[in-house]
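Visitor: I would like a close look at a single part of this structure, taken slowly and with its surroundings.

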Amino acid sequence: MRYQISSWIISVASASLIISLSWGQTPDNAASKLPPLADETQWIAAKSLCLSSAIRKDTALLPKIEAIFQHRYEAREQHVLTVNALVAIGRVGGPDALALLERLETTFGRPYFHSGAYYREHYLPVIRARIQADLIFPDVRTPDQWQQKVMLFLQEAGLTREALQEAIHKHPQRGDPMVYPSRGVVAVRVLLELASEAYANGVKEALRFFDGVALERDYPSWLRYQLIPMDVKQRVRWLINSLTYKKAMRFVDRYELLALWHCGIVALPEILAKIEELSKLKESLRLHSEKDEAIGRVNMGLTNLLEVLSGYEDPRVEPILEQFAQAGHPKAEELLRRHRQGLRGIVTFDW
Amino acid sequence: MRRQKMLGVAALSLAVANLIAGLGQTDRLQIRFKGEATLSVSGDVPVCGFIATCPLYERYCSSFWNLCSGGKRTVSALGSYLVLGGEFGGSQGYSSNAQLLVNLFFDFRYSSPLLQISGFSYEPKTTLGFAYFVDGVKAGAAAIAVAGCQGNYPPCCESGSASANTAAMVSTSVVQASISSSYSASCGCADAEQCLDCTSDGGSQWRADPENSPGYQGFKTSSVSFRHSRSASYTEELKGSIAISGSASECAGAISAGASFAYAGLLLQSLPHPLGVPAIGENEYAWSSDRPARLEIPARAYAHTWGWEPDLGWIAERTLFRVEPSIESEQTEPGFRTIAVGRQLIAQTRDQHGFRDDLIFIRAYLPPSNNDFGLKSVYFTVDGNKVDHADVEIFFPPDAKNHPPGEPPGYEMQLEDTGEDCPRWRRLRQVNTPNWFYYYYDAYAKRRIDRVYYLAAAHGSGYSSGAFYDIYDDGIYIGDRAHPIYGNHKVYLFCLKRRADSYGRKRQLITFVDKLTPNGIHKFIALLEHEQSHRKYYTARISSCNWGDHLDPDEDSLPSWWERIHGLDPMWHNTTGAPGLDSDPDGDSDAVAEIEAFGALTRAERFWKHDWAQGSMQWGTPPSPFPWMYDSTSTNRSRHDRCLLRSVPRTGGR
């Protein structure tokens, strides 16, 4: 009898259990299991970290770069950030950077990581090749070393000079959000960085490699090519001049902002001086009611310089941005906000 | 077997007379049973009393009922059954009546599921249907009468006579039974002194209603509502009575015996759970990702009985489970029959191999239309009468490609020579599209937007897996950026604000203020409408990638004259100040498309109801907030609600 009672209780209890198991599980929404989608502040901080790391070449920053991929990013923002991160890893270099690239390959394979296949195919081989070439030829000082470094780089990247020419020929001259640079274009950009270093070490032949390569089809490549023969002061002057004499601000012009910022703190005095000069000129134009176009150019120049200025970590930056924001400058308020959020760098599409 | 178990249950103490049957999630739905048995006895009370429903361990002892002298007594009943029996006999007259009334109280307690998500509400089903069933009602009566002279037991009589009568009845609200039996006997003796040549008569008459089966069976459907209260009750009663009488002379004897019994219980749909709430992730089922595609929905009912074990074979034969709106199955007959296994009724599906439990749908491909998924009901019927239903939701696996062949196609694209200003794409090969694209297209785009294709990959250059409008073939290509789960898309939002343009003049300018993160199908809608906007402006000859430096100095694809009158700065490729558009070669052109996409998105705010991708908005717990989130507040209301642009403004400024 006891058995019969027990069996009854067990049967009811197990039936309840079965029902609760099949009814009681409330599945989570799948999206809730994904890494969080970063907000703009997080994106700006991550981007700033990448840009700063690229300049400082500090291997201690690699874990921080890796950590930024714990978040998801809006597709457009993800692309900008991923390129910045990969470029930074390439510039930092070393065995740790190579190991990080290996791990990122897994990250790029995750289903929520947009265009993961693109980064694996077009960026990772090039960045890996750069690091390996830098490891073997860290300091190119002769044409022969340059030649060997280029050969090694191309071999590691799975490219030839002809492939680079073809790739850049196919690259749409006008930026297009749909068309990211192909491996060959990325390789040209990296090679120009390597050439810049070699040139600075006296290897003038480094530029010859690009003879016959249609660099004008890729503005960042063309820009770097123009800047390589110049020393830093010349570059700063050239870029400030270009950025303050624009009728309109196009997408590709933003690479000039980035290039100026890359010149480093040495550019700051010149930028500040130019801002002051343009401010006075603007007042003068207003008083004399000059043509719109002249005022427009001054405004454009001021805005460009303020944007580069906002990317610097310097006590002089914030008061100037505040001053322009209070005067109603169209972009100063936004730049001030980004500066306070910690953005140290320039937002560009893919470099 | 059934009675043995009943006796076992009877040994439980009265302290557990209130039985609780948990049904599903803890505390969400409970069924409590409470029984009350009232025995009334009149006339001659048998020495051994009446066997009555409760408590049986007292057996024939009438002392429990304390009705040795007749009367009425009410006690708790252990189970949802009635058993009444009694007998009297002897060589004297007797007359006795017993009535047993068992009241069955079924209490239901239901706690509505609580889920507080901003922007999302649901109305759970609050009616619970069930079948009250009686599995065996039977009445039996026996009358025995003997008369005779017994050699060893003087005195012998010259004659003897006896008669016995029994009437038994049992009734429930669905079935009843009654029977009566009488028998009489008499004898005479030629030589009473010697007790010889006595003619004796004796015998019995046993009768039962029904005669040859365990009992009459029946059911009726009913329901309770939890709309206004968390508790509901349902009551039934079982009645039994026995009337026995007899008379006997000396040297004769009469025995009357009667019995009646009834077993009752409740039959409730158990799977899918009838009070499951699909809106919050319960009762959700997804088609398989393979081919043929397969969908399995459990369909079961559970018998709640207290103190006895049911045999549900008879009701299984009359039970069917079906899904409405129907789901077409090409290779099976779901719900072809129902079988009983213990306390469960289980729907079975017939296929070429025989029968398998539950409702199984098999098709070469998934159903053709997005409308074929979604909210349906699994009905539990007996004799064609609906007992209850469970709301369920049916989903498709988003990443699989087992939808029916047909439009719209997907393509791998090849970037052609980009000597031209605008990138020219060529269709490299046609590929099958993932289910999410096929059904989202069917739900939203099919009757709205032409020439929409899935972008599987792009070759020949780097590419973004986003979305684009191809000016050469007038096609819109949507890639995995619109994926219901993994798509990382945000919509940029703008207001008109008075601020200085590049000339320093104060103007109403489109200004970036916020971002919106859409969920599920809304990502698809936002991206599609964004590209549709590009198509609109391109075909209206407003947008072009080769206006030239004079007409479009900032190279944002929009001519200066148009930018001036629509709140944009012709000298800035990104007038709006959106950081994301700083890095976007399309700049202001994309801002315009984003504004129109946002307008379309808000007009399609209820489209989440058409999103049946597994893992998306309606699968599991809805995402919070719902159906999308603004960055400015992390809720579904923007801090800038009042000024957000839903169409491109005409500012009219120079």
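At what angle do helix α10 and helix α12 of chain A pack, and how far apart are their axes?

Guide: In this predicted model, helix α10 of chain A, residues 219–227, packs against helix α12 of chain A, residues 254–262, at an angle of about 40°, and their axes lie 10 Å apart. Because angles under 35 degrees count as roughly parallel, α10(A) is described as oblique to α12(A). The crossing of α10(A) past α12(A) is right-handed. On the α10(A) side the contact involves A:Tyr219, A:Pro220, A:Leu223 and A:Leu227, which meet A:Tyr255, A:Glu256 and A:Ala259 of α12(A). By class, this contact holds six nonpolar residues, one charged residue and no polar ones.

Another helix pair of chain A can be set beside it. Helix α6, residues 116–136, and helix α9, residues 183–200, both of chain A, pack at an angle of about 30° with axes 8 Å apart, which means that α6(A) is roughly parallel to α9(A). Here too α6(A) passes α9(A) in a right-handed crossing. From α6(A) the contact draws on A:Glu121, A:His122, A:Tyr123, A:Pro125, A:Val126 and A:Arg130, and from α9(A) on A:Arg183, A:Val186, A:Ala187 and A:Val190. The residues of this contact divide into six nonpolar, one polar and three charged.

As for confidence, the model scores ipTM 0.87 and pTM 0.87. Chain B averages a pLDDT of 87, with 87% of its residues scoring at least 70, although the pLDDT is below 50 over residues 1–26 of chain B and also over residues 54–64 of chain B. Where pLDDT is low, the predicted coordinates should not be read in detail.

Notes. Residues numbered from 1 in each chain as written. Chains lettered and ligands numbered in written order. Predicted model: local features only at pLDDT ≥ 70, side-chain atom pairs only at ≥ 80, totals over all residues. Axes fitted to C-alpha atoms, helices over the stretch in contact; angles between N-to-C directions. Helix = DSSP H or I, 4+ residues; strand = E, 2+ residues; numbered from the N terminus. Parallel < 35°, antiparallel > 145°, perpendicular 65-115°, else oblique. Left-handed = near helix turned anticlockwise from the far one by under 90°. Contact = placed C-beta atoms within 7 Å. Nonpolar A, V, L, I, M, F, W, Y, C, P; charged D, E, K, R; others polar. pLDDT = per-residue confidence, 0-100.
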